[in-house]
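Have the sequence and the structure open side by side as you read.

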Amino acid sequence: MKSRAVLAVVLGGIGGAAAWGQIPNPPGQTSGPGVQAARDTREPEVLKTCKVPPAAPAFPRRPPAAAAETPGPKPVTEIPGVVAAGQQWKEIWQVDGNNADGIIASKDGGILIAQNDKSDVIKLDKDGKTSIAFIGTNTGGALAMNSKGELFVNNRGLNASIEELAPKRKTVANKYNGDSLDCIGGVLNDLAADRKGGVYFTMGGLFYSDPQGKVAKYGENLFTNGIVLSADEKHLFVTNGPTVAEFDVQKDGSLTNQREFVKLQGGFGGDGSTFDTEGRLYVTSNPGVHVIGADGKYLGLIPTPRGVISVAFSGPDRKTLYAVSRDNATNKDWIIAIQTIAQGPKGRGK
């Protein structure tokens, strides 16, 4: 679906994240944009065209939230070099519906936010004010930007696609082996863009679209969600249920040498992710943000008032960690932020 950009925004960065599974549709809405493909009443007609029909969902059961996981402030303990003891998350902005996900940083210290239900991309500036950056995505759910400044969104609506939003608006990929991406099955969750103009994305498994839109699948026994490239783009990290898998990136964008990078603590599946300047990996989940050293050593958890699904460093000095906090029961999203000792790398959105 083609539409126009309504606000020029100076951006920077890479990455994005997405919620695990399906989110309630806007009230009374049965087809998109604004409705994820698997809940669109028109999906059966598209799936009839699949040469290879989607397999049954293979996601592992997510452990139920413990009764003790009630919303409210939780103490933050020190993680050396990352966050000081006693720091607190602050609520910056909130919105009804599934309208905050897949955040990345902008160069001026704000963040860009994908809005699933509204099919917009909005900018939240460093003062907490919002403005519309792009309209008319097809249920856009996560954002990524490469080092050249090319901005991408993953469209989760029927006829799912990877779309470039800037500098030129165009479809990058919407086919896999000749079929619609919908034929893969599941939710087009997260994406990460490389400097060549290719895009890695998760949709049940792990995929790479080269700059010409040719899509290939990688990995074995993966239950993917969040995805992020290392700063040198030599390694790719993807959540795999309660673990994070690592791959080596080849010159042509292909992936090799799958291995387990870290086990997350607490038994919950990981979601969105980002890096700091020291190469530490930050992964969101139900209890908060997990912090992992560059060597794969688990360093600790920054607990959050609610489960979090996406994360990015921003602020004028890149020492503010932003996260999307989601409450499915009330169908609301929050942008929350905490001051850190660690610094996010400039020139990247994730």
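## The disulfide

Counting pairs of cysteine sulfur atoms within 2.5 Å as disulfides, the total here is one disulfide. The bond runs between C50 and C183, with an S to S distance of 1.9 Å. This is a predicted model, where local features need pLDDT of at least 70, side-chain atom pairs count only at pLDDT 80 or more, and totals for chains, interfaces and linings use all residues. Residues are numbered from 1 along each chain as its sequence is written, and side-chain values use heavy atoms, with hydrogens and water left out.

The torsion about the S-S bond of C50 and C183 is about -85 degrees, so this disulfide is left-handed. The pair links distant parts of the chain, 133 residues apart. C50 sits in the loop between α1 (43-47) and β1 (90-96), and C183 in the loop between β11 (179-180) and β12 (191-193). Helices (H or I, at least four residues) and strands (E, at least two) are DSSP runs, numbered from the N terminus.

Are the two cysteines buried or exposed? C50 is buried at 10% relative accessible area, and C183 is buried at 5%. Buried means under 20% relative accessible area, exposed over 50%, and partly exposed in between (1.4 Å probe, protein chains only).

## T284 and its surroundings

Now look at T284 in strand β21 (residues 281-284). T284 is buried, with a relative accessible area of 0%. A polar atom of the T284 side chain lies 3.4 Å from the backbone oxygen of V308.

Leaving out residues up to four places away in sequence, T284 touches (heavy atoms within 4.5 Å) several residues, including G269, D271, V289, V308 and S310.

Key. A polar contact is a pair of N or O atoms within 3.5 Å; within protein, one must be able to donate a hydrogen and the other to accept it, and residues adjacent in sequence count only if both atoms are side-chain atoms.
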